[in-house]
Amino acid sequence: MTMLTISELAAFAGVSVRTIRHYHDIGLMPPAGRDSAGRRIYAPSDAVRLARVRSLAEAGFTLTDILEVLPVGVSEVDTGVFTRVRSRVAERLAEEAKVISGQRRHLAGLKSPELVGLSDGNAALFRRWREIGVAEEFIRALGRVWVVYRTVFPDTFDDGVRWATEALESAEYRVLLRDVSHLWTVEPDDPLVVETARRVADYIRRLDEEELRRGEFPASVVIDSVMEDIPPALIRFNELVGQLTGTEVAR
């Protein structure tokens, strides 16, 4: 009977010598024989088994699956066992495919670092904010706010994104959001702070109760998450709006 060295067996099966040694270590291949020089040698049946192990592994069978289908010492695959295990592997791969598909969709939405921790809806929202001229510093702060919001209030997060997106349909809201964002670079005593606060307060007063409820934001969590980064002018602005309307504009 023609015997094969480990190098010849590796070449036959299209795997590396290291892979064969690994298969020995984990029990996929039985212990090899030895020639007079102490080298590992293999029979043709070993080559057949290795080819089958490799085929099953490439099809997604795990070590446990392969040993169930092709136990060490068994040369032929049992049809019933193979069919049962194959169905189990197919179900597992289908579930993994769903996970990978979701990961790909999420990856496609991660077009910039600021979107890490957020949803696809935020990508469109950030893009729209930039289109209307919202200040970059303000957008970065809002990004951190939304990450906190999504983490702490996952059940209402999508509703918050939807509200913020729909609010942009109002030309008045777009102008106010842009103007508030540019308070980032002014001094607290700048007349723009008071003037903008009055305009925002007037806008809030004209909203009906349903719209106010939809626009509610977990203000304490929001403020805590970015307080160290909020400039004094915006802190004063928020306080002024609170005094004028009895609410906080931490949105």
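Which residues do ring pairs link into a cluster? Trp146, Tyr149, Phe153 and Phe157 are the residues linked in this way. The structure is a predicted model, in which local features need pLDDT of at least 70 and side-chain atom pairs count only at pLDDT 80 or more, while totals for chains, interfaces and linings use all residues. Residues are numbered from 1 along each chain as its sequence is written, and side-chain values use heavy atoms, with hydrogens and water left out.

**Overall composition**

- The protein contains 13 helices and three strands; helices (H or I, at least four residues) and strands (E, at least two) are DSSP runs, numbered from the N terminus.
- Of its 251 residues, 35% count as buried; buried means under 20% relative accessible area, exposed over 50%, and partly exposed in between, with a 1.4 Å probe and protein chains only.
- For contacts in the protein between residues at least 6 apart in sequence, 62% join residues at least 24 apart, where a contact means heavy atoms within 4.5 Å.
- The accessible surface comes to about 14,600 Å², and 54% of this area belongs to carbon and sulfur atoms; accessible areas come from the Shrake-Rupley method with a 1.4 Å probe, and for residues only the protein chains shown count as cover.

**The sheet**

- Strands of a sheet pair through backbone hydrogen bonds, either parallel or antiparallel.
- Here three strands form an open sheet in the order β1-β3-β2, with antiparallel pairing; two strands pair if DSSP finds at least two bridges between them.
- The edges are taken by β1 (4-5) and β2 (33-34), each with a single partner strand, so one side of each has no neighbour in the sheet.
- Strand β1 is joined by two bridges to β3 (residues 40-42), and these strands run antiparallel.
- Leucine 4 has tyrosine 42, in β3, as its bridge partner.

**Salt bridges**

- Side chains of opposite charge can pair when their charged atoms come close.
- A salt bridge is a side-chain nitrogen of Lys or Arg within 4 Å of a carboxyl oxygen of Asp or Glu, and the count by this rule comes to 17.
- One of these pairs is glutamate 68 with arginine 84, whose closest N and O atoms are 3.1 Å apart. Glutamate 68 lies in helix α4 (residues 63-69) and arginine 84 in helix α5, so this pair ties together parts that are 16 residues apart in sequence.
- Glutamate 68 also forms a salt bridge with arginine 88, the closest N and O atoms being 2.9 Å apart. Because arginine 88 lies in helix α5 and glutamate 68 in helix α4, the pair ties together parts that are 20 residues apart in sequence.
- Glutamate 68 is partly exposed at 29% relative accessibility, as is arginine 84 at 46% and arginine 88 at 32%.
- Arginine 92 and glutamate 96 meet in a further salt bridge (4.0 Å, N to O). Both residues lie in helix α5, four residues apart, about one turn of the helix.
- Salt bridges that share partners join Asp65, Glu68, Arg84, Arg88, Arg92 and Glu96 into one network.

**Aromatic pairs**

- A pair of aromatic rings is described by the distance of the centres and the angle of the planes.
- Rings of Phe, Tyr and Trp (its six-membered ring) pair if their centres lie within 6.5 Å; planes under 30 degrees apart count as stacked, over 60 as edge-to-face and the rest as tilted. The count by this rule comes to nine aromatic pairs.
- The rings of phenylalanine 126 and tryptophan 129 have centres 5.2 Å apart and planes at 25 degrees, so the pair is stacked. Both residues lie in helix α6, three residues apart, about one turn of the helix, and both are buried.
- The rings of tyrosine 173 and tyrosine 203 have centres 6.2 Å apart and planes at 45 degrees, so this pair is tilted. The pair links distant parts of the chain, with tyrosine 173 in helix α9 and tyrosine 203 in helix α10, 30 residues apart.
- Tyrosine 173 is buried at 13% relative accessibility, and tyrosine 203 is buried with a relative accessible area of 13%.

**Surface and loops**

- Leu107, Leu110 and Val116 make a nonpolar surface patch of about 280 Å². Patches are made of residues with over 30% relative accessible area and no salt bridge; like charges are joined within 9 Å and nonpolar side chains (Val, Leu, Ile, Met, Phe, Trp, Tyr) within 5 Å.
- Leucine 110 lies in the loop between α5 (79-109) and α6 (120-131) and is partly exposed, with a relative accessible area of 31%.
- Aspartate 189 is placed in the loop between α9 (171-181) and α10 (191-205) and counts as exposed at 63% relative accessibility.
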